[in-house]
Amino acid sequence: MENKMNQEQEFLFGKRNYIIMLIGIVFIALGFIFMAGGGSDDPNVFNEEIYNWQRIRLAPTLVIIGLGIEIYAILAHPKK
């Protein structure tokens, strides 16, 4: 009985799935990094930096791509 408990347990997904998930996490993290910063501590000062192309287009695109990669990693040939 102890031998069965000591045997290596299989992972739910294969190594390929976990690598794809890691890539998705990197895309999401980069998206949030590009979204950060650019504000002003003074509420009376308008900072145009908050509306640059990185925050408006690039960051949300990276997050959406990362989420798509995560979904693909979960659905792509999981182990049975």
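**Exercise 1. Decide whether Leu-30 is buried, partly exposed or exposed.**

Step 1. Locate the residue. Leu-30 sits in helix 2. Helices (H or I, at least four residues) and strands (E, at least two) are DSSP runs, numbered from the N terminus.

Step 2. Recall the classes. Buried means under 20% relative accessible area, exposed means over 50%, and partly exposed lies in between (1.4 Å probe, protein chains only).

Step 3. Apply them. Leu-30 has a relative accessible area of 38%, so it is partly exposed.

Step 4. Look around it. Leu-30 belongs to a nonpolar surface patch with Leu-22, Val-26 and Ile-33. Together these residues have about 370 Å² of accessible area. Such areas come from the Shrake-Rupley method with a 1.4 Å probe; for residues, only the protein chains shown count as cover. Patches are made of residues with over 30% relative accessible area and no salt bridge; nonpolar side chains (Val, Leu, Ile, Met, Phe, Trp, Tyr) are joined within 5 Å, like charges within 9 Å. A salt bridge is a side-chain nitrogen of Lys or Arg within 4 Å of a carboxyl oxygen of Asp or Glu.

A note on the source: this is a predicted model, where local features need pLDDT of at least 70 and side-chain atom pairs count only at pLDDT 80 or more, while totals for chains, interfaces and linings use all residues. Residues are numbered from 1 along each chain as its sequence is written, and side-chain values use heavy atoms, with hydrogens and water left out.

**Exercise 2. Describe the overall fold of the protein chain.**

Step 1. Count the elements. The protein chain has three helices and zero strands.

Step 2. Give their order. From the N terminus on, it reads α-α-α.

Step 3. Check burial. The protein chain has 80 residues, and 22% of them are buried.

**Exercise 3. Find which residues make up the largest nonpolar core.**

Step 1. Define it. A nonpolar core is a set of buried Ala, Val, Leu, Ile, Met, Phe, Trp, Tyr and Cys residues joined through side-chain atoms within 4.5 Å.

Step 2. List the members. The five residues are Phe-13, Ile-20, Met-21, Ile-69 and Ala-73. Helix 2 (15-35) and helix 3 (53-75) are the elements that give two or more residues to this core.

Step 3. Follow one member. Beyond its neighbours within four places in sequence, Met-21 is in contact (heavy atoms within 4.5 Å) with Phe-13, Glu-70, Ala-73 and Ile-74.

Step 4. In soluble globular proteins, nonpolar side chains tend to be buried together.
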